[in-house]
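Here is a friendly briefing to read with the model open beside you.

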Amino acid sequence: ITGLTASDPALDDEVPVYDTSATANRKIVVNELSGLLSTRCGARLCTSGTNPLSLSGSTGNTTIYLTPYVSNVVVLYDGTRDIAVSLGTGISVGWGGSANTTYYIYAYLSGGAAVLEISTTAPALTGGILYKTADQTRLYVGIVRNGGTVNQYHETTAFQGIQSYYHPIPYSHFTNDSTDS
């Protein structure tokens, strides 16, 4: 359109919506529109707040991160509509799990910002998307299995304690059997 500057819109920019019936012309915020168009989650659940592909194996982790991978946007349901929310450089939640327990990690909106929740409630499929059972405002982003130590999870070749649902990395667990057959 002549006279307008070409630039990427910010999530809080407003755009006009022309109703062809001319009864309800209005404006919407880009993040509401992006909720219809974006990938559900552009980040990975991982052990690092700076490296979403951290494969080095680590033990004694006490923080879980949702770190940008293909984008820093996650689409969350606010109870009315899907909203695209910027993760900035990522979000995290402190860990306090019981030994030998599986936990499900969910992202949700709190005061307009994305935050993480740790729960023992398994996800359920609703409209082709995994949400917390009976709560579509909680988007399932991954799973953490605590090892034998309370309040710590591990990510090693022997025990994969964290798995991102979005953009998972295949792990190869190899054991060298040196016995003769």
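Is Tyr65 buried, partly exposed or exposed? Tyr65 counts as partly exposed because its relative accessibility is 24%, where buried means under 20% relative accessible area, exposed means over 50%, and partly exposed lies in between (1.4 Å probe, protein chains only). This is a predicted model, in which local features need pLDDT of at least 70 and side-chain atom pairs count only at pLDDT 80 or more, while totals for chains, interfaces and linings use all residues. Residues are numbered from 1 along each chain as its sequence is written, and side-chain values use heavy atoms, with hydrogens and water left out.

**Overall picture**

- The protein has one helix and 15 strands; helices (H or I, at least four residues) and strands (E, at least two) are DSSP runs, numbered from the N terminus.
- Of the 181 residues in the protein, 37% are buried.
- The accessible surface amounts to about 10300 Å², and carbon and sulfur atoms hold 51% of that area; areas come from the Shrake-Rupley method with a 1.4 Å probe, and for residues only the protein chains shown count as cover.
- Among contacts with a separation of 6 or more, 55% are between residues 24 or more positions apart; a contact means heavy atoms within 4.5 Å.

- Strand 3 and strand 5 run antiparallel and are joined by four bridges, and Leu45 stands opposite Leu66 of strand 5.
- Strand 5 (residues 63–68) also pairs with strand 8 over four bridges, again in the antiparallel sense, and the bridge partner of Leu66 in strand 8 is Ile91.
- Strand 8 (residues 91–94) has Ile91 and Val93 on its covered face, with Ser92 and Gly94 on the uncovered one.

- Tyr65 belongs to strand 5, and its C-alpha is 7.0 Å from that of Gly90, 25 residues away in sequence.
- Leaving out residues up to four places away in sequence, Tyr65 touches Arg44, Leu45, Cys46, Thr47, Ser48, Gly49, Ile91, Ser92 and Leu116.
- Thr67 also lies in strand 5, and Thr67 counts as buried because its relative accessibility is 3%.
- Not counting residues up to four places away in sequence, the residues that Thr67 touches include Ala43, Arg44, Cys46 and Pro52.

**The nonpolar core**

- The largest nonpolar core has 25 residues, and Ile64, Leu66, Val74, Leu116, Leu139 and Val141 touch the most other members; such a core is a set of buried Ala, Val, Leu, Ile, Met, Phe, Trp, Tyr and Cys residues joined through side-chain atoms within 4.5 Å.
- In soluble globular proteins, nonpolar side chains tend to be buried together.
- Beyond four places in sequence, Val141 touches residues including Leu45, Leu66, Ile105, Leu116 and Tyr166.

**Around Thr137**

- Thr137 sits in strand 13 and counts as partly exposed because its relative accessibility is 21%.
- Thr137 and Leu76 are 61 residues apart in sequence, yet their C-alpha atoms are 6.7 Å apart.
- Apart from neighbours within four places in sequence, Thr137 is in contact with Tyr77, Asp78, Gly79, Ala107 and Tyr108.
- The Thr137 side chain makes polar contacts with the side chains of Asp135 (2.4 Å) and Arg138 (3.2 Å); a polar contact is a pair of N or O atoms within 3.5 Å, where within protein one must be able to donate a hydrogen and the other to accept it, and residues adjacent in sequence count only if both atoms are side-chain atoms.

**Positive phi values**

- Most residues other than glycine have a negative phi.
- Ala134 has a positive phi, near 65°, and is in the loop between strand 12 (129–132) and strand 13 (135–145).
- Ala134 counts as exposed because its relative accessibility is 83%.
- His167 also has a positive phi, of about 60°, and is in the segment after strand 15 (162–164).
- His167 counts as partly exposed because its relative accessibility is 24%.

How values were computed:
Pairing = 2+ DSSP bridges.
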